[in-house]
Amino acid sequence: TKLMAATGPDFPEASLALLTDTAVFLDYRRCMASIERTRFVQWARAELITRCQRRGLRTYHEQIQLLASPLMSPTSPQARALTSAVGSRVRATLIDEFQDTDAQQWQIFRTLLGPWMSPGQDPRRHSDHRLFLIGDPKQAIYSFRGANLYVYLDAKAQTQQSQGHLHSLTTNWRTDTGLIA
């Protein structure tokens, strides 16, 4: 209908048929190009998996999945063993750029660092571990890979509920006054 409106009543019938066929063909080509791009992406993903398996490599996402999987049930023997192993080796955890943490990563931290979240449910004493979350919600840039600002806000709320300490920097130490003046 847009094509018909653009041509007007005086447009030759034969030309209109040719124009209509051309428009249909171009839409077909765009559609086929989209299908080919989709097929390529599917092939590339499968090829990446195959090549990684052949070389014994794991992607970042696979590593997160492998750690998150046994921690899905925090009271399971695997989760308790992992939590205990981390607790016996780590006294403090600093997570920088926390605003770019995704929900699965935060769940891993919450499970492994149980005493910070809920004292008394872990072999370690609550006071034995310190968790530092460093982040600026205005700098969140990784939503394309699953980072979620609501994870940051949830962690902040949980910190307040568990009587953790919140500190804000009131001075910008990243720039020099002479540069921004």
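**A walk through the predicted model**

The protein has 8 helices and 2 strands. This is a predicted model. Read from the N terminus, its elements follow the order α-α-α-α-β-α-α-β-α-α. The protein counts 181 residues, of which 22% are buried.

How far does the predictor trust its own model? The mean pLDDT of the protein is 77. A score of at least 70 is reached by 79% of the residues. Confidence is highest in helix α3, residues 60–71, with a mean of 90. It is lowest in helix α6, residues 114–117, where the mean is 52. Then there is the stretch of residues 119–126. Here the pLDDT is below 50. Even so, the model gives this stretch 15 contacts beyond near neighbours in sequence.

Next, look at helix α5, which spans residues 103–112. Which of its residues are buried? They are Gln105, Trp106, Ile108, Thr111 and Leu112. The spacing of such positions can be read against a simple rule. An α-helix has 3.6 residues a turn, so residues three or four places apart point the same way. The start of α5 has a contact of its own. There, a side-chain oxygen of Asp102 comes to within 3.0 Å of the backbone nitrogen of Gln104.

Move on to the largest pocket. It holds about 1300 Å³ of space. Its lining is made up of 34 residues. Closest to the pocket centre are Leu133, Ile134, Gly135, His167 and Ser168. Which elements give two or more residues to this lining? They are strand β2, residues 130–133, and helix α7, residues 149–161. Sorted by class, the lining has 16 polar residues, 11 nonpolar and 7 charged.

Is Gln158 buried or exposed? Its relative accessible area is 14%, and the cut-off for buried is under 20%. Gln158 therefore counts as buried. Its side chain also has a partner: a polar contact of 2.7 Å links it to the side chain of Asp154.

How values were computed:
Residues are numbered from 1 along each chain as its sequence is written. This is a predicted model: local features need pLDDT of at least 70, side-chain atom pairs count only at pLDDT 80 or more; totals for chains, interfaces and linings use all residues. Side-chain values use heavy atoms; hydrogens and water are left out. pLDDT is the predictor's confidence in each residue, from 0 to 100. Helices (H or I, at least four residues) and strands (E, at least two) are DSSP runs, numbered from the N terminus. Contact means heavy atoms within 4.5 Å. On a 1 Å grid over the protein atoms alone, a cavity is a set of points where a 1.4 Å probe fits but cannot get out, and a pocket is an open set with protein on both sides within 12 Å along at least five of seven lines; lining residues have an atom within 4 Å of a point. Grid points are joined across faces, edges and corners, and a volume is the space filled by probe spheres set on the points. Ala, Val, Leu, Ile, Met, Phe, Trp, Tyr, Cys and Pro count as nonpolar, Asp, Glu, Lys and Arg as charged, and the others, Gly among them, as polar. Buried means under 20% relative accessible area, exposed over 50%, partly exposed in between (1.4 Å probe, protein chains only). A polar contact is a pair of N or O atoms within 3.5 Å; within protein, one must be able to donate a hydrogen and the other to accept it, and residues adjacent in sequence count only if both atoms are side-chain atoms.
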